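I begin with the terms that the entries require.

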Amino acid sequence: MTIIRTFKLYGHLIAGEEREGVRGALYNYVLAGNGLFIRAEREGLKVCFPVQNFEVKNLPDVSPSFEMQMERVPSLLVSEMISMARHWAREGREDLFHFIRERDAWEVHEPHQVRMGGSCRPLHDGPDSTHERAFIEAHSHHRMQAYFSSIDNADETGFRIYAVLGDIPREPKIRVRVGVYGNFWEIPAEWVFELPDGLSENNA
Ligand SMILES: [Zn+2]
């Protein structure tokens, strides 16, 4: 008898009975007593977050969790990003940044890109590009607010951390989220970045 294993991109698990479930290659949905969660893991990052909150009787609850297995991005690099963003904000243009890990340390890159007033795109996205290797992708909304726009939602389809900066000329603000193939979970910026003086979280 041949056993055929079916390949699934998305798994379906039930809290407390994970062993019985179907595992997905990209991520798993977990049905729990407090709603439907996504659980996903990549090198350096493990997350579990709700996509819908509702009550299911007789199932155990699941707690959201965020585990970044490395130190936070140091404030010096965050300040560097802000000063690069400030340069382009004077012209009313967005600016894109990639944070990658190189020999166990953080690096910030400002890739070759097309900068517009309402979007910014990398010119290279091949296998060796910083776009492909980025653990964190951040972009600046120059003098506009720091919020994730519908353009951002459509563009940010990878599994990584995404950040958006805004209000650059006055009082720079930041917002951060985890993206898992188009599913998002906003998290406190301080879980990922050491915030330098003068940069604050946009809680609006
Ligand atoms: Zn944006």
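I first noted the terms of burial: a residue is buried under 20% relative accessible area, exposed over 50% and partly exposed in between, with a 1.4 Å probe and protein chains only. By this rule F49 is buried, at a relative accessible area of 0%.

Entry on the model. I am working with a predicted model, in which local features need pLDDT of at least 70 and side-chain atom pairs count only at pLDDT 80 or more, while totals for chains, interfaces and linings use all residues. Residues are numbered from 1 along each chain as its sequence is written, and side-chain values use heavy atoms, with hydrogens and water left out.

Entry on the chain. I found three helices and 14 strands; helices (H or I, at least four residues) and strands (E, at least two) are DSSP runs, numbered from the N terminus. Of the 204 residues, 43% count as buried.

Entry on aromatic pairs. I looked up how rings of Phe, Tyr and Trp (its six-membered ring) pair: their centres must lie within 6.5 Å, and planes under 30 degrees apart are stacked, over 60 edge-to-face, and the rest tilted. The structure holds nine aromatic pairs. One of them is F49 with W185, a stacked pair with 5.6 Å from centre to centre and 15° between the planes. Since F49 belongs to strand β4 (residues 45-52) and W185 to strand β13 (residues 183-187), the pair ties together parts 136 residues apart in sequence. W185 is buried as well, with a relative accessible area of 15%.

I then examined W106 and F135, whose ring centres are 5.8 Å apart with planes at 65°, so this pair is edge-to-face. W106 lies in strand β7 (residues 105-109) and F135 in the loop between α2 (130-133) and β10 (136-140), 29 residues apart. W106 is buried at 8% relative accessible area, and F135 is buried at 4%.

I also recorded one aromatic cluster, formed by Y10, Y27, Y29, F159 and Y181.

Entry on a charge over rings. A charge sits over a ring if NZ of Lys or CZ of Arg is within 6 Å of the ring centre and within 35 degrees of the ring normal. Which rings does R177 lie over? I found its charged end over the ring of F148, 3.9 Å from the centre, and R177 also lies over the face of F184, at 3.6 Å from the ring centre.

Entry on F7. This residue lies in the segment before β1 (10-14). F7 counts as exposed, at 67% relative accessibility.
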